[in-house]
Amino acid sequence: MSLKKTPAPDPNARLQRSLAAVPHHSIKNEIKLRCTEFDHKGNVKTTAGEFLKSDLCQQHGLHARDLRKIDSSFNNQMPVLLVRPEAILVNVGHIRALIKADLVVLFDSFGSTDSYNQSIFIYDLEEKLRMSTSAAGGLPFEFRALEAIFISVLSSLQSEMEVLVHFVTNLLAHLEESIDQNKLKELLQYSKKLSQFESKTLLIRDVFVEVLDQDDDLANMYLTDKKNGHPRTTDSHEEIEVLLESYLKQVEEIANTVAIVKQQMQSTEEIVNVILGANRNQLLLFELRIAMGTLGMSSGAIIASLYGMNLHNYLETNPHAFAIVASTALGVSMMVFTYCARKLKILAKGTT
């Protein structure tokens, strides 16, 4: 009996079948970015246009890893400000942008809910890009775009901080008057939100600090001068340094305000813990007093139980027997309770 050999599977055919199983629109979305372009006069060239990543890299002299920094499809991205020979890549706050000497490309943020700030930012960006260099205080095109981005990011941070500080301050004032379990739960929630906001603010601050520490990057940010054939030297970057330092100070002010509010929250939490600890101690003392009273009554009840047995003790006919036994039982109960109370008082003094 002859056996037919089964041909080995072709790996190329398997790959083709796998690619065919993937929807065409998903592959398309993976290699494209949706952008809005502004020209050197501040006019919108393209609105929500889709561009291939490879075309963007080739057109603007970028690497694929550079676009990854501003691609909103990747989660948990860190704020970054990348300086490249022909462009500046910005991913700070709710804004992702590519800035050139005569072009600004805004990348749409996937799942962004900050449409109000985004609209205000686009309006401010158009106004700044339409200004001449002399009307803008000597700032070139790329610096005006950067300033519009920084203003929008700082405005968003300031608004978020004011909302958090307002709720936290009211909550702390309520807890100072009375301790409420529901308010303590809210304090825990706002503590987490405040920590997340502080972390985001510090990351943005680190972006400014990192760029200010690099003289080469500061000089390379003069894209207009470089395009005109007059690149800046590493020690000639006063304008951009002043611009970055001014917004760095504002970010640090926001971070300091958040740190002060967090310190107030921690102080309030410590006070609340002290008050709750004192209340627990009062409850323990109350339980101890009840236990001492129960012990004293039980001690006196022993005598009553002894005489309550159905045995002859020659006191049944004594007219004073009841008073004597009752007084003795009460006396024993009072002696036991007094002894326990003194011991508790001594222990309480020793712990304070």
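Me: What does I122 touch, not counting residues up to four places away in sequence?
Reply: I122 touches F38 and L106 under that exclusion, where contact means heavy atoms within 4.5 Å. Please keep in mind that this is a predicted model, in which local features need pLDDT of at least 70 and side-chain atom pairs count only at pLDDT 80 or more, while totals for chains, interfaces and linings use all residues. Residues are numbered from 1 along each chain as its sequence is written, and side-chain values use heavy atoms, with hydrogens and water left out.

Me: Where is I122 placed?
Reply: I122 lies in helix α5; helices (H or I, at least four residues) and strands (E, at least two) are DSSP runs, numbered from the N terminus. I122 has 27% relative accessibility and therefore counts as partly exposed, since buried means under 20% relative accessible area, exposed over 50% and partly exposed in between, with a 1.4 Å probe and protein chains only.

Me: OK, switching to the core: which residues of the largest nonpolar core touch the most other members?
Reply: They are L81, L125, L146, I149, M221 and I240, in a core of 57 residues. A nonpolar core here is a set of buried Ala, Val, Leu, Ile, Met, Phe, Trp, Tyr and Cys residues joined through side-chain atoms within 4.5 Å.

Me: What does I240 touch, leaving out residues up to four places away in sequence?
Reply: I240 touches F143, L146, L218, M221 and Y222. There is also a second, separate core of 16 residues, which includes L33, C35, L67 and L103.

Me: Now the helix pair, how do α6 and α7 cross?
Reply: Their axes come within 10 Å and cross at roughly 155 degrees, with axes taken as lines fitted to C-alpha atoms, for helices over the stretch in contact, and angles running from 0 to 180 degrees between N-to-C directions. The two helices, α6 and α7, are therefore roughly antiparallel to each other, a label that applies to angles over 145 degrees, whereas under 35 counts as roughly parallel, 65 to 115 as roughly perpendicular and the rest as oblique.

Me: What classes of residue make up that contact?
Reply: The contact of α6 with α7 has 17 nonpolar, 2 polar and 5 charged residues, where Ala, Val, Leu, Ile, Met, Phe, Trp, Tyr, Cys and Pro count as nonpolar, Asp, Glu, Lys and Arg as charged, and the others, Gly among them, as polar.

Me: Last topic, L248: buried or exposed?
Reply: L248 counts as buried because its relative accessibility is 11%, and its place is in helix α10. Leaving aside neighbours within four places in sequence, L248 is in contact with R205, F208, V209 and L212.

Me: And how many helices and strands are there in the protein chain?
Reply: The protein chain has 11 helices and 6 strands, and buried residues make up 33% of its 352 residues.
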